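The sequence and structure come first.

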Amino acid sequence: MTEPAGRRPRKRVNYGTGREALLEAAVRVVARGGLRRLTYRAVAEEAGVTHGLVVHHFGSRDALIEEAVAHAIRSSLSSSALEPGTGRVADFSVGLTDMVEAGPDLQAFQYELLLEARRRPELLAHLRSLYDEYFDATRRELTQMLPGPVDEGLSRMVFATLEGLVLHQLVFGEREVIDEALDELRSVLRLLAERRGDEA
């Protein structure tokens, strides 16, 4: 039997990798049409599976949103080099522009969700604890790079810079400009490390 024109062919999705495939489909749906477009049917169509399979895996739309947010942040953290763990300023966020180019839907999904949370405060619960993972990763890396304590204000400022650069690249492209800005950020961090070292 042939699928109607315009519809994706159905495919069988295994529980392990299938769950990830459904989360990736959810990310794409939101990235392209906003959170209001996120339905079981839209995710099923994007993934090329049955509506019932999405219901089976997630049970509720809230569970789907929560797991999609967690998936997006895990994926971003693993691909961004935000926390390379070397303690070297030169390694800080070296993969950021590659991450945006490789997964623009993943980044757009997070911005869509942040904006939607302004209109729907109940979404903040999904975002707040998960976004803390970004803040914590930034702070841990800065702590390795800089002598002395790293306060929350500094780590948030550095993360906000990175997030703004990601948004700029997502909307305008201009990878070269973003790479230059990241080099400047690393230069500022080097100067801060040297100044703190002199004061110690």
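## Largest pocket

Helix α7 (residues 124-145) gives the most to the lining of the largest pocket, with 6 residues. Helices here are DSSP runs (H or I, at least four residues), numbered from the N terminus, and strands would be E runs of at least two. The model is predicted: local features need pLDDT of at least 70 and side-chain atom pairs count only at pLDDT 80 or more, while totals for chains, interfaces and linings use all residues. Residues are numbered from 1 along each chain as its sequence is written, and side-chain values use heavy atoms, with hydrogens and water left out.

The pocket has a volume of about 150 Å³. Its lining consists of L114, L124, L127, R128, Y131, D132, F135 and R156. By class these are 5 nonpolar, no polar and 3 charged residues; Ala, Val, Leu, Ile, Met, Phe, Trp, Tyr, Cys and Pro count as nonpolar, Asp, Glu, Lys and Arg as charged, and the others, Gly among them, as polar.

On a 1 Å grid over the protein atoms alone, a pocket is an open set of points with protein on both sides within 12 Å along at least five of seven lines, whereas a cavity is a set where a 1.4 Å probe fits but cannot get out; lining residues have an atom within 4 Å of a point. Grid points are joined across faces, edges and corners, and a volume is the space filled by probe spheres set on the points.

## Enclosed space

Rolling a probe the size of a water molecule over the atoms shows where empty space is left. A search of the whole structure finds 1 cavity of 30 Å³ or more. The elements that give two or more residues to its lining are α4, α5, α6 (104-119), α7 and α8. The volume of the largest cavity is about 170 Å³.

Of the 14 residues that line the largest cavity, M99, Q107, Y134, F159 and V166 lie nearest its centre. Helix α8 gives the most to this lining, with 4 residues. The lining divides into 9 nonpolar, 4 polar and 1 charged residues.

## Nonpolar surface patch

L167, V171 and F172 make a nonpolar surface patch of about 310 Å². Patches are made of residues with over 30% relative accessible area and no salt bridge, with nonpolar side chains (Val, Leu, Ile, Met, Phe, Trp, Tyr) joined within 5 Å and like charges within 9 Å. Areas come from the Shrake-Rupley method with a 1.4 Å probe, and for residues only the protein chains shown count as cover.

V171 lies in helix α8 (residues 152-172). At a relative accessible area of 54%, V171 is exposed; exposed means over 50%, buried under 20%, and partly exposed in between (1.4 Å probe, protein chains only).

## Positive phi in two loops

S93 has a phi near 55 degrees, a positive value in a residue other than glycine. S93 sits in the loop between α4 (61-80) and α5 (96-102), and is buried at 1% relative accessibility.

E174 also has a positive phi, near 55 degrees, and is not glycine. The loop between α8 and α9 (175-199) holds E174, which is partly exposed at 40% relative accessible area.

## Salt bridges

The whole structure has 13 salt bridges, each a side-chain nitrogen of Lys or Arg within 4 Å of a carboxyl oxygen of Asp or Glu. One of them joins E67 and R19, with the closest N and O atoms 2.8 Å apart. This pair links distant parts of the chain, with E67 in helix α4 and R19 in helix α1 (residues 15-33), 48 residues apart. E67 is partly exposed at 27% relative accessible area, whereas R19 is buried at 16%.

E122 and R120 form a salt bridge with an N to O distance of 2.8 Å. E122 is partly exposed at 48%, and R120 is partly exposed at 22%. R175 and D179 form another, at 3.4 Å from N to O; both lie in helix α9, 4 residues apart, about one turn of the helix. R28, R32, E46 and D105 are linked in a network of salt bridges.
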